[in-house]
Amino acid sequence: MKSLWVFHVNTGACNGCDIEILDVLTPYYDIERLGVKLVPTPRHAHALLVTGPLTRQAYHAAKMAYEAMPPKPRIVIAVGTCACSGGIFHDSYALRREYRESLEYPLKGGTSEFLPVHLYIPGCPPRPEEILYGVALLKNIVEKKVRGELFREGTFVLPRESFNAWVEVLLRARIRKELGYFDGYSLLKRFMELVESSESKEELEKLVEKAINDEGDSRLRYGLEKLYSYYLEVVRTYEGILAAKRALVGLPK
């Protein structure tokens with residue numbers, strides 16, 4: 001697909017994500033050079049760009065817009081934490097609820113609750129670079145545009161322990177949903193340095209607590225707390241799997 005015509009729907013956002021979408025249309029970022037164009041009607045759109053949590057009032061309008069699109073390719077892009085997972089509004093009374101047999105089933109409020117989402121661009125709001133990166137991924141042009149790094153003998157670094165590398169992969173997926181690509185990945189790098197420099201759980205706890213107290217940005221303090229809780233969860237899961245394997249082969253714990 002050389003061009004991507006997009007119809008934008010706001011299902012209850014605070015307009016923060018909408019402002020960033022307008023930003024990528026400016027000459028500075030110029031998303032139209034990737035073939036992306038906003039269209040005024042869903043009948044001409046290849047993709048539906050959704051911002052905001054799924055509210056009761058916007059549900060039917062968003063559903064009508066999706067059904068009005070051509071059958072193919074009907075791509076759905078969720079922009080912002082609220083569109084991805086409901087965000088801070090996940091338990092709001094204003095979100096759509098599902099009723100079955102006179103009982104109310106609360107939903108989390110993300111776009112995927114009612115539409116098949118093909119691309120998630122998290123962030124509150126996501127930066128213009130993140131929106132550009134997501135669209136480039138969708139169009140499969142990132143590998144063509146990003147240059148590979150040449151191997152140099154002087155910069156060779158031994159690989160880290162396989163366990164920490166495995167933990168980082170799991171944490172990367174989670175922190176991306178909390179803080180986005182840029183802030184999330186840089187914070188994860190700081191956190192993994194703390195993990196690798198600590199010898200025990202108690203020492204790691206002290207290092208993380210000190211980093212939280214020294215951090216002036218409340219978003220990054222929140223991110224460090226979430227990373228630490230996710231890390232403990234992963235370690236507990238790993239220890240449980242290890243114990244199960246030892247029990248299976250009859251080894252002592």
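Trainee: What does valine 235 touch, leaving out residues up to four places away in sequence?
Mentor: Phe163 and Lys201. Contact means heavy atoms within 4.5 Å. Keep in mind that this is a predicted model: local features need pLDDT of at least 70, side-chain atom pairs count only at pLDDT 80 or more, and totals for chains, interfaces and linings use all residues. Numbering starts from 1 along each chain as its sequence is written, and side-chain values use heavy atoms, without hydrogens or water.

Trainee: Where is valine 235 found?
Mentor: In helix α9. Helices (H or I, at least four residues) and strands (E, at least two) are DSSP runs numbered from the N terminus.

Trainee: Buried or exposed?
Mentor: Valine 235 is buried, with 7% relative accessibility. The cut-off is under 20%; over 50% is exposed, and partly exposed lies in between (1.4 Å probe, protein chains only).

Trainee: And how far is valine 235 from valine 167?
Mentor: They sit 68 residues apart in sequence. In space, their C-alpha atoms are 8.3 Å apart.

Trainee: Switching to the sheet. What's the strand order?
Mentor: β2-β1-β3-β4-β7, five strands in an open, parallel sheet. Strands pair if DSSP finds at least two bridges between them.

Trainee: Which strands stand at the edges?
Mentor: β2 and β7 (119–121). Each has a single partner strand, so one side of each lacks a neighbour in the sheet. The twist from one strand to the next averages 25°.

Trainee: How many bridges join β1 and β2?
Mentor: Three, in the parallel sense. Leucine 4 has valine 36 in β2 as its bridge partner.

Trainee: Which strands does α1 touch?
Mentor: α1 packs on the sheet and touches β1, β3 (47–51) and β4. Its direction makes about 135° with that of β3. Axes are fitted to C-alpha atoms, for helices over the stretch in contact; angles run from 0 to 180 degrees between N-to-C directions.

Trainee: What about the largest pocket, which residues lie nearest its centre?
Mentor: Thr81, Ser85, Gly87, Lys177 and Glu178, out of 27 lining residues. On a 1 Å grid over the protein atoms alone, a pocket is an open set of points where a 1.4 Å probe fits, with protein on both sides within 12 Å along at least five of seven lines; a cavity is a set the probe cannot leave, and lining residues have an atom within 4 Å of a point.

Trainee: Which elements give two or more residues to that pocket's lining?
Mentor: α1, α3 (81–85), α6 (162–179) and α9 (218–249).
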